[in-house]
Amino acid sequence: MNTPTKYLQQRRILIGITGGIAAYKICELIRRLKEQGAEVKTILTAGGKEFITPLTIRALSGETDVEDAMSHITLARWAEVLLVAPASANFIAKFTHGLADDLLTTTCLATTAPILIAPAMNQQMWQNHATQQNMALLKQRAVTILGPNSGEQACGETGPGRMLEPHDLLQALDTHFAPRLLHNKHVLITAGPTQEAIDPVRYLSNHSSGKMGYALASAALKLGAKVTLISGPTQLSLPATHNLEIVHVKNAAQMLNAVMQHIKAAQPKVDFFVGCAAVADYTPAEARPQKIKKNTATFTLELTRTADILQAVAQLPASLRPFTIGFAAETENLLQNAQQKLHAKCLDMVIANAVDNGKVFGQEENQAWIIRKDLPPVELPIMRKEVLAVRILEDLSCEL
């Protein structure tokens, strides 16, 4: 999977590789970092060399430096960030207690750069009281802990202790360098479709996958925001973090209630509301309590209008009303219809995209226009939704 990034160009990243089977994954991480324009140097410990060779690492990173007595100082000063991945239980114990018996541990003590570690070990070693005490101390010292994941391990056991995958580490590094444009801001986002029940087994819905809304939530977190994501039914997920709350709903009424409850309860107020969900315009007037049988040639379903969530938010009193952004998915007259939506619903911004001929829904890429009152529309080229989300929120940060 090609994971989009934005903030790694010309960044100086030092990677410490300790002993563990997960060391082989770092080859992929180095390759991707180089593709993103980052400068990469590595420290391969004696244990790490049991799993991958220095020649492999040098070929991928392009390193030419030769280690000497002062390497720990030169590397410590060069690095903008130091990532240790995989970080073995042995390294974590040494690092926690200030041991400095090899190039990696001496560099850790010598650097003033932020240190990130990605633990990798047997699940019982990870859950051992000594390891957990070490991790607690490192967190107190502002060391960033990445993972671990839970799952099947090389030893045949299952549990916590798997190192994060290369694309997760790449995103963590990208997030580390991202400007905190939305720091201390609260962003509320809706995502995905809604499902309006017809009977216990059938519902009305649409083709929305939720990918754009989830990409916006991820981008907002990257830019330093507190994020509330109210999601209709999707197959998507986001890594747990203290700045993220996900609320799962099914239908339009539930989504409206969740949005209003969170806006009214937020202290301080929600700063930005992004209505990215594809909310049903109509819902069955009455959901049948039993499954409807196919016993007639035709079937008539009475529908009623659902509440307009975007308009409801935009009409809140100033003390509650966030800056309100809507999405306009159109099959014709894209700009005209999007501008009409902007004015009719009293929105602050509309992101417009064409969805004819299978575009956008369920796809990895999107092309959009940013539309505001009294300003000419801004066309954004086709790009991956994760990158588009960052671009939209960077534009949004100008409203602060």
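## Backbone angles and cis peptide bonds

In this predicted model, C346 lies in the loop between α12 and β17 (349-354), and C346 has a positive phi of about 60 degrees although it is not a glycine. With a relative accessibility of 38%, C346 counts as partly exposed, because that value falls between the 20% and 50% limits. A second residue other than glycine with a positive phi is Q10, where the angle is near 65 degrees; Q10 belongs to the segment before β1 (12-17), and its relative accessibility of 57% places Q10 among the exposed residues. Most residues other than glycine have a negative phi, and most peptide bonds are trans.

The bond that joins A85 and P86 is cis, with omega at about -5 degrees, and P86 is placed in strand β3 (residues 81-87). The bond from G147 to P148 is cis as well, with omega near 5 degrees, but P148 is found in the loop between β5 and β6 (149-152).

## Aromatic pairs

The structure holds 2 aromatic pairs. In one of them, F91 and F95 are stacked, with ring centres 5.5 Å apart and an angle of 20 degrees between the planes. These two residues are separated by about one helical turn, because they stand 4 residues apart in helix α4 (residues 89-96), and both F91 and F95 are buried.

The pair of F272 and F323 is edge-to-face, because the planes of the rings stand at 70 degrees, with the centres 5.8 Å apart.

In soluble globular proteins, nonpolar side chains tend to be buried together. The largest nonpolar core of this model has 67 residues, of which I13, I15, I26, L33, L169 and L216 touch the most other members. Helix α9 gives the largest share of this core, 7 residues. Apart from this core lies another, of 29 residues, which includes I263, A266, F273 and W369.

Which residues does L33 touch, not counting residues up to four places away in sequence? On that basis, the contacts of L33 are L8, I13, I15, A38, V40, L170 and L173.

Rolling a probe the size of a water molecule over the atoms shows where empty space is left. The largest pocket has a volume of about 1,700 Å³, and among the 45 residues that line it, Q171, T175, S218, L238 and P239 are the closest to its centre. At least two residues of this lining come from each of β5 (144-145), α8 (166-177), α9 (211-222) and α13 (385-397). By residue type, the lining of the largest pocket divides into 19 nonpolar, 16 polar and 10 charged residues.

The second largest pocket contains about 1,200 Å³ of space. Its lining is made of 45 residues, with A277, A278, V279, D281 and K341 nearest its centre. Each of α9, β13 (272-275), α11 (309-314), β16 (323-330) and α12 (334-344) supplies at least two residues of this lining, and the residues divide into 20 nonpolar, 17 polar and 8 charged.

How values were computed: Residues are numbered from 1 along each chain as its sequence is written. This is a predicted model: local features need pLDDT of at least 70, side-chain atom pairs count only at pLDDT 80 or more; totals for chains, interfaces and linings use all residues. Side-chain values use heavy atoms; hydrogens and water are left out. On a 1 Å grid over the protein atoms alone, a cavity is a set of points where a 1.4 Å probe fits but cannot get out, and a pocket is an open set with protein on both sides within 12 Å along at least five of seven lines; lining residues have an atom within 4 Å of a point. Grid points are joined across faces, edges and corners, and a volume is the space filled by probe spheres set on the points. Ala, Val, Leu, Ile, Met, Phe, Trp, Tyr, Cys and Pro count as nonpolar, Asp, Glu, Lys and Arg as charged, and the others, Gly among them, as polar. A nonpolar core is a set of buried Ala, Val, Leu, Ile, Met, Phe, Trp, Tyr and Cys residues joined through side-chain atoms within 4.5 Å. Buried means under 20% relative accessible area, exposed over 50%, partly exposed in between (1.4 Å probe, protein chains only). Contact means heavy atoms within 4.5 Å. Rings of Phe, Tyr and Trp (its six-membered ring) pair if their centres lie within 6.5 Å; planes under 30 degrees apart count as stacked, over 60 as edge-to-face and the rest as tilted.
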